[in-house]
Protein chains: 2
Amino acid sequence: MPEGSAAAKPIRTALSVDDGIDFTLIELFFFAYRDFTSDPDQILEEYGFGRAHHRVLHFVNRMPGLTVAELLEVLKITKQSLARVLKQLIDAGYVIQVQGPKDRRQRELYPTAKGRTLALDLARPQSRRIREALRESGPGERQAVERFLKAMVNPELRAQIDHLPGGADR
Amino acid sequence: MPEGSAAAKPIRTALSVDDGIDFTLIELFFFAYRDFTSDPDQILEEYGFGRAHHRVLHFVNRMPGLTVAELLEVLKITKQSLARVLKQLIDAGYVIQVQGPKDRRQRELYPTAKGRTLALDLARPQSRRIREALRESGPGERQAVERFLKAMVNPELRAQIDHLPGGADR
DNA sequence: CTAAATACGTCAATAGTGCTGACATAAATT
DNA sequence: AATTTATGTCAGCACTATTGACGTATTTAG
């Protein structure tokens, strides 16, 4: 028997749904998300920002006054990862920090008018894409998609999502 | 009037669905995709591989014999981005190159047995997550999700998706 | 048959985003 | 007064992606 890498033979048959894996949804999810994020990516490029800036700006607009620690919890990144991105958004005037009223160690994060505008500009094409994807589909389809996506999220995080304003609860 | 960044005031109201944007699905899509990719990420770490390796290995298994140019077309990345990742997969014995039978400049890419096994190991938890998300949902829900995700993909790319084996057509 | 185009590989530099570890400061808590 | 907490920051590293440039083998066109 050939041991090691010397004589590995090519497998010529394609992996398919017959192998018991849901490749259809796995791949659709990949392609759909890629195109979904390409909309804001184009706009961000003009500002010299990336996806990380988008996410921070998004949640600061959706949860104004959240603290740095809360933002880290939502994004599930480290404070060092957040630091650069947040500093750039603050320096460029899209986000402001306000000292916490009760605990003065905390920095509450708020969007500026400029930050609010950009957040909306970034969200609009994504919302449009969703709207068009749901056009000519019954009301049940939207509910089905919502239920599915929520069920794809780790259970521990679903509660967090429900607390967003006008968000996934309703 | 304050000009510039000096006196920007914090906006304290939250952006919500009332602003005409579908934040519900935007955020669900974000959280769902993040958790969806976290499953294989854990396995990849043990191998010293990243998401880029996963994508290459995935499509080589789904479309055995595809050329480098075709792979670039599917992934929409540059050959320089692919190079390192592909070389590592080849050196580690997960993928083999075979000279094209008609055009000898081409390199057809095939998985090895080892590559096939890893691809399946990576796909399994993702497929399981999808299956559980669709549990206790009627057959219409799956179809609704499939239609939605496909409609989220840029129109030019939908044809490509339909050509995957046992894939998004049927 | 020679010249141009094509498929692929590779070197070098850069950007964006994430990580760990270490250390500092101010404010709250014990 | 000592400790913990919330935040900031410095330094270094990893992964993935980019552009630009150049080289080689092979195919195609003139």
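Me: How many residues of chain B are in contact with chain A?
Reply: This is a predicted model, in which local features need pLDDT of at least 70, side-chain atom pairs count only at pLDDT 80 or more, and totals for chains, interfaces and linings use all residues. Residues are numbered from 1 along each chain as its sequence is written, while chains are lettered from A and ligands numbered from 1 in the order in which they are written. Two residues are in contact if their C-beta atoms, placed from the backbone, lie within 7 Å. Chain A contributes 73 residues, and chain B meets them with 73 residues.

Me: Which element gives the largest share of the side of chain B that touches chain A?
Reply: Helices (H or I, at least four residues) and strands (E, at least two) are DSSP runs, numbered from the N terminus. The elements of chain B that give two or more residues to this side include α1 (23–47), β2 (95–99) and α5 (113–134). The largest share, 14 residues, belongs to α5(B).

Me: How many residues on this side of chain B are nonpolar?
Reply: Ala, Val, Leu, Ile, Met, Phe, Trp, Tyr, Cys and Pro count as nonpolar, Asp, Glu, Lys and Arg as charged, and the others, Gly among them, as polar. By that division, the side of chain B that touches chain A has 17 charged, 15 polar and 41 nonpolar.

Me: Where in α5(B) is there a kink?
Reply: The bend at a residue is the angle between axes fitted to the seven residues ending there and the seven starting there. In α5(B) a kink of about 25° lies shortly before the proline B:P125, at B:A123.

Me: Which element gives the largest share of the surface near DNA strand C?
Reply: A residue is near a strand if its C-beta atom, placed from the backbone, lies within 6 Å of it. DNA strand C is surrounded by 24 residues, and A:G50, A:A52, A:Q80, A:S81 and B:A69 are the closest. Two or more residues come from each of α2 (51–62) and α4 (79–91) of chain A, and from each of α3 (68–75) and α4 (79–91) of chain B. The largest share, four residues, is that of α4(B).

Me: What do the buried residues of α4(B) pack against?
Reply: A residue is buried if 20 or more other C-beta atoms lie within 10 Å of its own, exposed if 12 or fewer, and partly exposed in between, with C-beta atoms placed from the backbone. In α4(B) the buried residues are B:V85, B:L86 and B:L89. They pack against two elements of chain B, α2 and β2.
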